[in-house]
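This briefing goes through one protein model by topic. Keep the sequence and the 3D view open while reading.

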Amino acid sequence: MNLPIRARLTALYFVVLALSFVGFFWVSDIGFRSSIDLTADNASRTNLETIGRLLANTSSRGESKVRKELNELAGLWANGALFEVAGQNGNWIYRSTQFERTDSSFARVREGDISFVTTNLDSSQYRIALQRVSAGNEVYEIHAAVPTEPFDQALDRFRLMEQEILPLLAILASVLGYWLSGRALAPVNRIIETAGLIGAGNLSSRLEVPKARDELRHLTETLNAMLRRIEASFKRITQFTADASHDLRTPVAVIRATAEITLRKPRTQEEYRRALSRILETSVDTSELLENLLTLARADAGAAGMEMRTLDLAAHVQKARERAALLGLEKALDVTASTPPEPVWVKADAIAIDRLLLILLDNAVKYSPSGGRCEIALSRSENHAQITVRDSGIGIPESELNNIFDRFYRIDRVRSRNTGGAGLGLAIARWIAEMHGGTIAAESKVGEGAEFQIRLPAGVV
Ligand code: ADP
């Protein structure tokens, strides 16, 4: 259904209330009807008993006396009540004219019992109580009738009232339903309105939280939490783009300036060689930076597919040691690796693991002085494999240990100017560790070297 909630709620109110009213009136109608029947029966029974008592008192004094008394009694009854009394041989002692005119006949009743019939006498309806009673030596048949018309009129009035009130009540219910659902939905409309106004320009605005602790408050808080997350990642992306453009501009400017200056006048072979190797060096750095940016962008988009295979970490650690030894050759670094004798099996992406190790070793080499040490240690606990990369370099201030894994974070541009990185290495390292369900942490003291620990889940393979 495409109807708005308000219309649907109103329709629901209408249907439910209209059905309840119809049900209520139906039950009251039945109740009314049966109470009318009971009242009519009681009235005719009372009349029957009065006649019975009269007969008991007068039957011994002869039929003419009985007739006289019955006539008097008939004169006393004003509210349309009628009766007829027959003697033992079936002859009528007294008959109201209506009985006479209709000349109705009823089934015989057993002595003592009272039975009731509803019938027309002289074109009006009556409820008639029938009884056979013995009084003195006689047995009488008494029929006492009360008109049902007054009762029927009351029932008709009640029904008429029902017919008029029912649609009115239903309409009232719909109006009430419309108003109530409008009230209930008003906060939702406010949320829609405010949410509609939030865009990239005002991501820091929040929805007003309703006071009542209900579902709407929960909804608002959930939406606000979502906005907070969106704002945070939006900021991160904006920052990332700004930092990336900034870091890309520098090498491109270097390449351009080198080329322009070199081309200004004729140069010697040596000068051209130096300019070109500067350009080459800078472009290698730039493509590395671009590669890193691409990795992080893919990581953000969740599009960086990793191929998880079972592999022996020890083999990868040895391979990394060899590469680090090459990197550290110039500085005459002492690079060592210690691995357990048996393989350490993990489920991991081989290329990503190599990259992670290279990032840490590259840093260890970059931030270590000549003749320093660099150790890689692999160990295995019950559920984890742990790789520790320790160097004897300049170290990291304790206050910075939490920041170094952030994108573009470099402790001090001056101290790392010559080391060339863009501050993306550790961000990528952390992402790789996390993609493998692992963690990465750093410990260090300035001047005493740094230690990085990677923990990866290692299953029994
Ligand atoms: P970069 O490309 O600048 O090396 P990283 O993300 O790899 O970027 O590292 C972030 C910062 O952390 C570096 O700028 C550096 O200051 C610091 N750092 C990383 N590794 C080491 C280390 N082994 N010793 C000292 N400082 C380090």
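The model is predicted. The domain assignment divides the protein into domain 1 (5–155), domain 2 (215–300) and domain 3 (309–457). The largest nonpolar core has 53 residues, and another core, of 20 residues, lies apart from it.

**Domains and cores**

- Taken over C-alpha atoms, the centres of domain 1 and domain 3 are separated by 108 Å.
- Within the largest nonpolar core, the residues with the most contacts are Leu313, Ile387, Phe452 and Ile454.
- Helix H8 (residues 350–366) supplies the largest share of this core, with nine residues.
- Because domain 2 (215–300) and domain 3 (309–457) both give residues to this core, it lies between them.
- Ile454 is in contact with Leu356, Leu357, Leu360, Ala385, Gln386, Ile387, Ala433, Thr439 and Ile440, leaving aside neighbours within four places in sequence.
- The other core, of 20 residues, includes Ile51, Leu70, Ile93 and Ile142.
- As general background, nonpolar side chains in soluble globular proteins tend to be buried together.

- Strand S7 (residues 334–338) runs parallel to strand S9 (residues 373–380), and five bridges join the two.
- In this pairing, Ser338 is placed opposite Ala377 of S9.
- S9 also pairs with strand S10 (residues 384–391), here in the antiparallel sense and over seven bridges.
- Arg380 has Ala385 in S10 as its bridge partner.

- Strand S1 (residues 82–86) is largely enclosed by the rest of the structure, because five of its five residues are buried.
- Side chains in a regular strand alternate between the two faces of the sheet.
- In S1, Leu82, Glu84 and Ala86 point one way while Phe83 and Val85 point the other way, and all are buried.
- S1 pairs with strand S5 (residues 138–147) in the antiparallel sense, over five bridges.
- Val85 stands opposite Ile142 in S5, and Ile142 is also among the residues of the 20-residue core.
- S1 pairs in the antiparallel sense with strand S2 (residues 92–95) as well, over three bridges.
- Ala86 has Trp92 in S2 as its bridge partner.
- The hairpin formed by S1 and S2 has five residues between the strands, and Gly90 in the turn has a positive phi of about 90 degrees.

**Aromatic rings**

- Six aromatic pairs are found in a search of the whole structure.
- Phe24 and Phe25 form a tilted pair, because their ring centres are 5.7 Å apart and their planes are at 55 degrees.
- Phe24 is exposed, with a relative accessible area of 54%, whereas Phe25 is buried, at 11%.
- Phe405 and Phe452 form an edge-to-face pair, because their ring centres are 6.3 Å apart with the planes at 80 degrees.
- This pair links distant parts of the chain, 47 residues apart: Phe405 is in the loop between S10 and helix H9 (425–435), and Phe452 is in strand S12 (residues 450–457).
- Phe405 and Phe452 are both buried.
- Trp77, Phe83 and Tyr94 are linked into a cluster by ring pairs.

**Charges over rings**

- Arg95 has its charged end over the ring of Trp92, 4.1 Å from the ring centre.
- Arg6 lies over the face of Tyr178, at 3.7 Å from the centre of that ring.

**Thr262 in helix H5**

- Thr262 is located in helix H5 (residues 215–263).
- Thr262 counts as buried because its relative accessibility is 10%, and buried means under 20%.
- Not counting residues up to four places away in sequence, Thr262 touches Arg267, Tyr272 and Ala275.

Notes. Residues are numbered from 1 along each chain as its sequence is written. This is a predicted model: local features need pLDDT of at least 70, side-chain atom pairs count only at pLDDT 80 or more; totals for chains, interfaces and linings use all residues. Side-chain values use heavy atoms; hydrogens and water are left out. A nonpolar core is a set of buried Ala, Val, Leu, Ile, Met, Phe, Trp, Tyr and Cys residues joined through side-chain atoms within 4.5 Å. Buried means under 20% relative accessible area, exposed over 50%, partly exposed in between (1.4 Å probe, protein chains only). Helices (H or I, at least four residues) and strands (E, at least two) are DSSP runs, numbered from the N terminus. Domain bounds come from an automatic or database domain assignment. Contact means heavy atoms within 4.5 Å. Two strands pair if DSSP finds at least two bridges between them. Rings of Phe, Tyr and Trp (its six-membered ring) pair if their centres lie within 6.5 Å; planes under 30 degrees apart count as stacked, over 60 as edge-to-face and the rest as tilted. A charge sits over a ring if NZ of Lys or CZ of Arg is within 6 Å of the ring centre and within 35 degrees of the ring normal.
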